[in-house]
Amino acid sequence: MPNGPLSLPARLHLLAWDTTKGRITGSTHLHHLVRAGALTELAQRGLLVDDEGIVTPVDFDSRTGDVVLDGLLELVSESRPRGWKPWVTCRARYTLDAVRAQLVAEGYLRAERKRVLGLFPSVEYELDRVPAVEALRARAREVLEGPVPVAEVDDRDAALVALATAAELRTFASPKERRLHRVRIDALAERGGAAAPALRKVIQDVRTAVVVAATTAASTSAATTTAN
C-alpha cells in the first residue's frame, strides 16, 4: 500500500476523515488511535521493545527521521517506565498535535486560526488532499476484504487495518463490516506482529487499549446525550 513517506499514525489520522462531510470522525479518542499507531510502528521498526511489559527504547540516540515517531521516542526516553497500554493514553495529544502539524506541512491538511467568542485562540483543520485520502481508504479496504492472503500483507498495512477497526472508525468500516471480517481482522492483527512473538503481544496490548478508549468514549458520549 504505497503512500509516500507517511507514517502509520499519520495514515490512521487521515482514515478518520469523512471526505464527504469534511470532518473528523471518532474525534473523542483519535489521539489514542494516533498514539497507538506511533507505538506500533516504532515497535515494528525495532526501536521500542518489550522489557517484561515495559516500553523500552533500544537505543536512546536512535532516530527515524520522522518528526512524529522521533518525538514519541524522545518522550518515552525521558519519562518514567510504563507499559504499552498506559502509553496509548499518556500525553497522547502530544502525538496528535505532532501528526497534525506534519500533515499540514505535507499539504494534506490546512490549519485555520480562529478565536472562540472573539477572545480565545483556536485552530481548526480542513482536509485539502481529498483524493489522496480516498485512495488511502480504498487500498486499506482491499487489505480488509482481500483477496490478498493475510500472510502476504505488509505488516504496517496489517496493523493499519487492525487498529482502524479496533477504534471503530465508521469512515473505514461499518459495524456490520467489522463483524463480517472479524476473523480476517484478527489475523491481520497477528500479521502486524509477525516479525517476533514479543511484537505480536505488543500489538495485542496496543490494540486492546484502543478498543477500551473507543468504548469509553462511546459510553461517555451516550451518557452526555442522555443527560441533556
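**Close-up views of salt bridges and a helix pair**

**View 1. Asp-186 and Arg-207 join in a salt bridge.** Their closest N and O atoms lie 3.0 Å apart; a salt bridge here is a side-chain nitrogen of Lys or Arg within 4 Å of a carboxyl oxygen of Asp or Glu. The pair ties together distant parts of the chain, with Asp-186 in helix 9 (residues 182–192) and Arg-207 in helix 10 (residues 197–227), 21 residues apart. Please keep in mind that this is a predicted model, where local features need pLDDT of at least 70, side-chain atom pairs count only at pLDDT 80 or more, and totals for chains, interfaces and linings use all residues. Residues are numbered from 1 along each chain as its sequence is written, and side-chain values use heavy atoms, leaving out hydrogens and water.

**View 2. Glu-41, Arg-45 and Arg-156 are linked in a network of salt bridges.** Glu-41 meets Arg-45 at 2.8 Å, N to O, and Arg-156 at 3.1 Å, N to O. Glu-41 sits in helix 2 (residues 30–44) and Arg-156 in helix 7, 115 residues apart. Glu-41 is buried, at 1% relative accessible area, whereas Arg-45 is partly exposed at 44% (buried means under 20%, exposed over 50%, partly exposed in between, with a 1.4 Å probe and protein chains only).

**View 3. Helix 1 (residues 8–15) packs with helix 7 (residues 155–166) at an angle of about 40 degrees.** Their axes, lines fitted to C-alpha atoms over the stretch in contact, are 10 Å apart. Leu-8, Arg-11, Leu-12 and Leu-15 of helix 1 meet residues of helix 7 including Arg-156 and Leu-160, where contact means heavy atoms within 4.5 Å.

How values were computed
Axes are lines fitted to C-alpha atoms, for helices over the stretch in contact, and angles run from 0 to 180 degrees between N-to-C directions. Helices (H or I, at least four residues) and strands (E, at least two) are DSSP runs, numbered from the N terminus.
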